[in-house]
Amino acid sequence: MALPAQRSGVLARKLGMTRIFSEAGRHVPVTVLALDGCQVVGLRTEEERDVTTKKGGQVKRTDGYTAVVMGAGEKKAKRTAK
């Protein structure tokens, strides 16, 4: 069984496209990205946990894998808890 690949990357917001010119005078299209503050917003684990359903019941859930959920940027005020 092969181990899962280690992935790395960057969380960014696309601002648009532009171009730069090489030393030979040819233009090269590029994407402009904004790197906002990244933070951990959740964890996924293989362990079971108790979850409250929308109707108020208790159930046991598991994600089935281990992962870190990352977020970037700001959250809209209407989507935050009061």
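Predicted model: local features only at pLDDT ≥ 70, side-chain atom pairs only at ≥ 80, totals over all residues.

Me: To begin with burial, what percentage of the residues of the chain count as buried?

Reply: The general idea is to compare the accessible area of a residue with a cut-off, buried being under 20% relative accessible area. Of the 82 residues in this chain, 4% count as buried. The chain exposes about 8000 Å², of which carbon and sulfur atoms supply 53%.

Me: In which sense do strands β4 and β5 pair, and over how many bridges?

Reply: For a strand pair, one looks at the direction and then at the bridge partners. Residues 49-52 form β4 and residues 58-61 form β5, and these strands pair in the antiparallel sense over 4 bridges.

Me: Which residue in the hairpin of β4 and β5 takes a positive phi?

Reply: Here one inspects the backbone angles of the residues between the strands. This hairpin has 5 residues between its strands, and glycine 56 takes a positive phi near 95°.

Me: How many salt bridges does the count come to?

Reply: A salt bridge is read from a distance between side-chain atoms, with a cut-off of 4 Å from nitrogen to carboxyl oxygen. The count comes to 2 salt bridges. In one of them, the side chains of arginine 49 and aspartate 63 meet at 3.4 Å, N to O. Arginine 49 belongs to strand β4 and aspartate 63 to the loop between β5 and β6, so this pair ties together parts that are 14 residues apart in sequence. Arginine 49 is partly exposed at a relative accessible area of 36%, and aspartate 63 is likewise partly exposed, at 23% relative accessibility.

Me: What is the N to O distance between the side chains of aspartate 50 and lysine 60?

Reply: These two side chains meet in a salt bridge at 3.1 Å, N to O. Because aspartate 50 lies in strand β4 and lysine 60 in strand β5, the pair ties together parts that are 10 residues apart in sequence. Both aspartate 50 and lysine 60 are exposed.

Me: Where does threonine 62 lie, and which residues is it in contact with beyond its neighbours within four places in sequence?

Reply: Threonine 62 lies in the loop between β5 and β6 and counts as partly exposed, at 43% relative accessibility. Leaving aside neighbours within four places in sequence, threonine 62 is in contact with Thr45, Glu46, Glu47, Glu48 and Arg49. A polar atom of the threonine 62 side chain lies 2.9 Å from the backbone oxygen of glutamate 46. The backbone nitrogen of glycine 64 lies 3.4 Å from a polar atom of that side chain.

Me: How many residues apart in sequence are cysteine 38 and alanine 72?

Reply: In such a case, one sets the separation in sequence beside the separation in space. Cysteine 38 and alanine 72 are 34 residues apart in sequence and 4.5 Å apart in space, C-alpha to C-alpha. Cysteine 38 is found in strand β3 and is partly exposed, at 42% relative accessibility. Beyond its neighbours within four places in sequence, cysteine 38 is in contact with Leu11, Met70, Gly71 and Ala72.

Me: Which residues make the nonpolar surface patch?

Reply: Leu11, Val40, Leu43, Val68 and Met70 make a nonpolar surface patch of about 460 Å². The elements that give two or more residues to this patch are β3 and β6. Valine 68, for instance, is found in strand β6.

Conventions. Residues numbered from 1 in each chain as written. Heavy atoms only, no water. Buried < 20%, exposed > 50% of the residue type's maximum accessible area, 1.4 Å probe, protein only. Areas by Shrake-Rupley, 256 points an atom, 1.4 Å probe, with all protein chains shown as cover. Pairing = 2+ DSSP bridges. Patch = residues over 30% accessible without salt bridge, like charges linked within 9 Å, V, L, I, M, F, W, Y side chains within 5 Å. Contact = heavy atoms within 4.5 Å. Polar contact = N/O pair within 3.5 Å; in protein donor to acceptor, adjacent residues only side chain to side chain.
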